[in-house]
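This briefing goes through one chain by topic. Please keep the sequence and the coordinates open alongside it.

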Amino acid sequence: MSGLLTYSQSNRPTSQLVGFDLRKAGVLGYLTNTQVANATTAEDLVDDVNAAIVDPGAEAGQLREVIVRSIREGAALGDLSDARIQAATTVEGLVQDTWASDLPTNYTGPTLLG
C-alpha cells in the first residue's frame, strides 16, 4: 500500500515526510515493531513515542516532537487512519502506508519540520 490516492497530489510530499519521520522513529528506537503491532490509533503511537527511552545520542533536540507532529499529520492526511494502523505490524509497514513507499526502505530523508 502507499499514501492515499484520495487527496490531492500536492499532499504527497507531506506524506513522504511523515513516512521518513516514522522510519527515523524506528531506527532510533522511538517506535518498535511490537508497539506498532499493538497500536490501534495514532494517539497510541504518539504515547509510545513520548514514553520511549532512546539510546544516548538518539535524543536529538526536538526530534521526539517532530515525530509526534508527523504522526498527527499522517493521521490528518488519512495515511495513518485507525484501520491502517491496526493493519500494520511493523514500523516499516506504517512507512509503506505513506508516499515514502516510493523510495528505498533505507532512505530516511528530511523531517517534516526540518
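**Helix H1**

In H1, the buried residues (under 20% relative accessible area, with over 50% exposed and partly exposed in between, using a 1.4 Å probe and protein chains only) are Ser15, Leu17, Val18, Gly19, Phe20, Asp21, Leu22, Arg23, Lys24 and Ala25. The model is predicted, so local features need pLDDT of at least 70 and side-chain atom pairs count only at pLDDT 80 or more, while totals for chains, interfaces and linings use all residues. Residues are numbered from 1 along each chain as its sequence is written, and side-chain values use heavy atoms, with hydrogens and water left out.

- The buried residues of H1 pack against H4 and H6, where contact means heavy atoms within 4.5 Å.
- H1 has 17 residues and spans 24 Å from first to last C-alpha. That is close to the 24 Å expected at 1.5 Å a residue, the expected span being 1.5 Å times one less than the number of residues.
- Gly29 follows H1 and has a positive phi, near 90°.

**Chain overview**

- The chain contains six helices and zero strands; these are DSSP runs numbered from the N terminus, with helices (H or I) of at least four residues and strands (E) of at least two.
- Along the sequence the pattern reads α-α-α-α-α-α.
- Of the 114 residues in the chain, 43% are buried.
- Among contacts between residues at least 6 apart in sequence, 79% join residues at least 24 apart.
- The chain has an accessible surface of about 5600 Å², and 52% of that belongs to carbon and sulfur atoms. Areas come from the Shrake-Rupley method with a 1.4 Å probe, and for residues only the protein chains shown count as cover.

**Nonpolar core**

- The largest nonpolar core has 26 residues, and Leu22, Tyr30, Leu31, Leu45, Ile71 and Leu94 touch the most other members. Such a core is a set of buried Ala, Val, Leu, Ile, Met, Phe, Trp, Tyr and Cys residues joined through side-chain atoms within 4.5 Å.
- At least two residues of this core come from each of H1 (12-28), H3 (42-51), H4 (63-77) and H6 (91-95).
- H1 gives the largest share of this core, with five residues.

**Helix H4**

- H4 has 15 residues and reaches 21 Å between its first and last C-alpha, close to the 21 Å expected at 1.5 Å a residue.
- Its buried residues are Leu63, Arg64, Val66, Ile67, Val68, Ser70, Ile71, Gly74 and Leu77, and their cover includes H1 and H3.
- Just after H4, Gly78 has a positive phi of about 105°.

- Ile71 lies in H4 and is buried, at 0% relative accessible area.
- Leaving out neighbours within four places in sequence, Ile71 contacts Leu22, Leu31, Ala42, Leu45, Val46, Val49 and Leu80.
- Beyond four places in sequence, Arg64 touches Tyr30, Val49, Asn50, Ala51, Ala52 and Glu59.
- Arg64 and Val49 are 15 residues apart along the chain, and their C-alpha atoms are separated by 6.8 Å.

**Rings and charges**

- Arg12 lies over the face of Trp99, at 3.8 Å from the ring centre; the rule requires NZ of Lys or CZ of Arg within 6 Å of the ring centre and within 35 degrees of the ring normal.
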